[in-house]
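Here are my notes for you to read with the model open beside them. Take the points one at a time and find each residue as you go.

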Amino acid sequence: MGYLLEVKNITKRFGGLVAVNNVSLGVNTGEVVGLLGDNGAGKSTLIKVISGVYPADEGSILFQGKEVHISSPMDALAMGIETIYQDLALAENLNTPSNIFLGREKMKKVLGFLSVLDHEYMQQESRKILEKLDILIPSLRNRIRALSGGQRQAVAISRSIYWDAKFLIMDEPTAALGVAEQKKVIDTINRLKSHGIGIVVISHQMHDVFQVADRLVIMRRGEKVAERVTRETNADEVVSLIVGAETVAQRGP
Amino acid sequence: MTRRAGFTSFIGQRWAVLFLVLELLLFSSTAGGFFALNGVQIVLFYSTTLALLATAETFVIVTGGIDLSVGFVMGFASVVSAKLSGGLVDAGLTPATALVLAILITLAIGLLPGLVNGLLVARLKVPPFLATFAVQGITYGISLLLTQGSAAVDVPNLANVIGNGYIIYLVPGKGISFFAPPPGQSGALLVDVLPTMVVVTVLFVAMAAFILKRTRFGQHTYAIGGNIDAAVRAGINTNRHLVMIYVISSFLATLSGIIYMLEYVTGKSDAGSSFMLDSVVAVVIGGASLFGGTGTVWRSILGVMILSVLEMGLKMLGVQTFDKYIAVGVILIFAVLIDQFFPELIHKED
C-alpha cells in the first residue's frame with residue numbers, strides 16, 4: 001500500500017525567493033514524520049502548501065493514493081487533513097464543546113421551525129471524544145481561556161479527530177508547554193498513531209521529535225537535504241544536517 | 001474557592017444588577033411617584049431608542065469592533081422617514097399608506113450605512129473606529145442637508161397616535177380596549193398599559209438576543225470576537241459575517257430612528273447624538289469587553305436601564321441633566337475597571 005499522504009516535487013516561490021524547492025515526502029498511516037530545519041528552511045511553507053494556505057507553484061499532492069487539488073484550507077479540512085497550529089486556532093472565549101464544534105455546530109429545532117444550538121448533544125459528543133483520547137479537561141463548561149496550554153492543545157487535537165481527521169499536521173506541538181504537559185502531548189500523539197492517523201510534526205525540540213517520530217525529514221534553505229529513520233540516526237547527525245555539513249566542517253576541530 | 005473570593009466573584013458578576021437596585025431604591029424613596037405604573041412606563045418609553053442602539057452596539061462589540069455611527073444613523077433615519085411620510089402625504093397618499101411606505105423605504109435605506117461600514121471594516125480592513133466615525137459624519141451631513149439644518153416636522157399626525165399609543169387601555173370598572181382609547185374616554189379615569197413602542201422594541205430586542213445567544217450566527221459572532229483566525233480556520237466566512245453584523249447594527253439604529261420619529265413626530269439630524277456614548281456605555285456596563293468575544297443583549301439592556309433610570313431619576317429630582325453626563329462618565333470608568341481587574345470573575349464560564 002502506498003503512502004497516506006505524499007507530496008511530490010513541490011516548489012513554492014514568493015517573488016524571487018524560492019521558499020520550497022522540489023521537495024517530496026510521504027507519510028504512512030499510523031506513522032509520525034518529524035519535519036526539521038532551521039528558521040527559514042521552508043518547513044512552515046511546505047505544511048502551508050499541504051494545508052491549503054498557499055497553492056504550490058509546481059508539484060503534486062497525493063492523498064490516499066489519489067492526486068488531490070488543495071486550493072484552500074477548507075479543501076484540506078474536507079479531505080481530513082487538519083493542522084494544529086502553534087497559536088492553536090481556538091476561540092478562547094468559548095468553552096470546549098463550542099470549540100470542537102466551531103463552524104460545524106449541531107443544531108436542533110425548537111417550536112418546529114427555529115434552529116438553535118444543541119449544546120447538550122455537543123457536550124456529550126465532546127465528552128466521548130475526550131475519553132477516547134484519554135484527555136482530562138476539568139470542566140467542559142470552562143472557557144478555553146481558563147485551560148492550561150496542554151489542555152488547549154488537547155482540545156485542538158480532539159477537535160480534529162472528532163471530525164475524522166486522517167492526517168494531522170502539528171506545528172510546534174510542545175512549544176511553550178511545561179515538562180509534564182509536553183509528556184502528555186507526546187502520549188496523545190502516540191495514541192493517535194495507534195488510531196491509524198498519519199502525522200507530520202514540526203518541532204525545534206529535538207528530544208520530543210526523537211520520542212515520537214518514526215522518520216525524520218530535514219530541510220535546509222527550501223530543499224530537502226536528508227531523510228532518516230529515527231532509530232538509525234542520532235541528534236548529532238541531525239543537527240549537522242540542519243545547520244549544513246559545510247558549516248559544521250568549517251567550524252570543525 | 002475561598003469565601004472571600006466567592007464574595008468578590010459574586011459582586012463582580014452582579015454589580016450591575018445591584019447598582020440598578022440601588023438606583024431604584026434611591027429614586028423611589030426620594031422622587032415621588034417613581035414606582036407608579038406611569039413612572040415605570042415613562043422610563044421604559046424613554047429607553048426604547050437607546051435599547052435598540054445598545055442592542056446594535058452589542059453585536060458589533062462582541063466581534064471586537066465598535067460602531068460609532070449608530071447615533072447619527074438613528075437621526076438620519078428619523079429625518080428620512082419624517083421627510084418621506086410628509087412628502088408622500090403631500091403627493092396625495094393617505095397618512096397610513098404614507099407612513100407604512102416611508103417606514104419600509106427608510107428601513108431599506110438604513111441598511112446602506114451598515115453596508116459601507118461592513119465593507120470598509122471587513123474587506124478593506126479599515127479599523128472599525130475610523131470607518132464608523134467617517135460614516136457617522138457622512139450620515140449626519142446628509143441629514144443636515146435634507147433638513148437644511150432644522151428639524152423635519154411635516155409628519156402626519158397618525159405618527160403621534162402610533163408612537164405615543166398604548167396596547168391596552170383600561171377604564172376601571174367599565175371596560176378594556178386595545179390599540180386606541182375607547183371613544184369619549186380620556187383623562188384621569190383612563191389607564192394606559194404597555195406603550196406600543198415599548199412592545200415593538202422588546203420584540204426586536206428579544207429577537208436579537210435570541211439570535212446572538214442561541215443560533216449559529218450568534219455563535220460565530222462570539223468566535224470572531226474571541227479569535228478571528230480560529231473562526232477563519234473553522235471555515236466561517238468572517239468577511240461576510242462582519243458585513244452582516246454592521247448591517248444588523250445599522251438596521252437596528254434605523255429602527256430606533258423610526259421609533260424616535262413616531263414618538264416625537266419629528267425627524268432630527270442630531271436625535272441620537274448623545275447615544276453614541278450611551279450605547280457603548282450601556283454595553284460595557286453589561287459586562288462586554290471592548291476587546292470582543294463577550295457580552296449579551298440582555299446584559300446590555302441592563303446597562304440601558306441603569307442609564308435611563310439615572311436620567312429619569314435625576315429629572316424627577318429636578319437635578320440638571322448636565323450632571324447625567326458626569327455620572328455616565330464615572331459609571332463607564334467603573335465598569336471598565338471591573339472588567340480589567342476581574343475578568344476571570346466575570347468571564348470564567350459561558
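**Notes on the two chains**

1. Let's start with Ala223(B). Setting aside neighbours within four places in sequence, Ala223(B) is in contact with Ala91(A), Leu94(A), Leu102(A), Ala230(B), Ala231(B), Ala234(B) and Ile236(B). Here, "in contact" says that the C-beta atoms of two residues, placed from the backbone, lie within 7 Å.

2. A word on what you're looking at. This is a predicted model, where local features need pLDDT of at least 70 and side-chain atom pairs count only at pLDDT 80 or more, while totals for chains, interfaces and linings use all residues. Residues are numbered from 1 along each chain as its sequence is written, and chains are lettered from A and ligands numbered from 1 in the order in which they are written.

3. Now the place where the chains meet: 22 residues of chain B are in contact with 22 residues of chain A. On the chain B side, helix H9 (216–226) and helix H10 (228–233) each supply at least two residues, and H9(B) has the largest share, with 6 residues. (Helices, H or I with at least four residues, and strands, E with at least two, are DSSP runs numbered from the N terminus.) Sorted by class, that side of chain B has 6 nonpolar, 9 polar and 7 charged residues. For this count, Ala, Val, Leu, Ile, Met, Phe, Trp, Tyr, Cys and Pro are nonpolar, Asp, Glu, Lys and Arg are charged, and the others, Gly among them, are polar.

4. Which residues touch the most other members of the largest nonpolar core? Among its 161 residues they are Leu168(A), Ile199(A), Val201(A), Leu53(B), Ala56(B), Met74(B) and Ala223(B). Helix H11 (residues 238–264) of chain B gives the most to this core, 16 residues. A nonpolar core is a set of buried Ala, Val, Leu, Ile, Met, Phe, Trp, Tyr and Cys residues joined through C-beta atoms within 7 Å. A residue is buried if 20 or more other C-beta atoms lie within 10 Å of its own, exposed if 12 or fewer, and partly exposed in between.

5. Over in chain A, an open sheet of 6 strands runs in the order E6-E9-E10-E3-E11-E12, with mixed pairing. Two strands pair if DSSP finds at least two bridges between them. At the edges sit E6 (81–84) and E12 (223–229), each pairing on one side only. Inside the sheet, E3 (residues 32–37) and E10 (residues 198–202) of chain A are parallel, with 4 bridges; Gly34(A) has Val201(A) as its bridge partner in E10(A).

6. Chain B has an open antiparallel sheet of 3 strands, in the order E2-E1-E3. Strand E1 (residues 166–171) of chain B pairs with E3(B) over 4 bridges, and E1(B) also pairs with E2(B) over 4 bridges. E1(B) and E2(B) form a hairpin with 3 residues between them, and Gly173(B) in the turn has a positive phi of about 80 degrees.

7. Last stop: is Val297(B) buried or exposed? Val297(B) is buried, because 26 other C-beta atoms lie within 10 Å. Val297(B) belongs to helix H13 (residues 297–316) of chain B. Its contacts, leaving aside neighbours within four places in sequence, are Thr55(B), Thr58(B), Val205(B), Ala208(B), Ala209(B) and Leu212(B).
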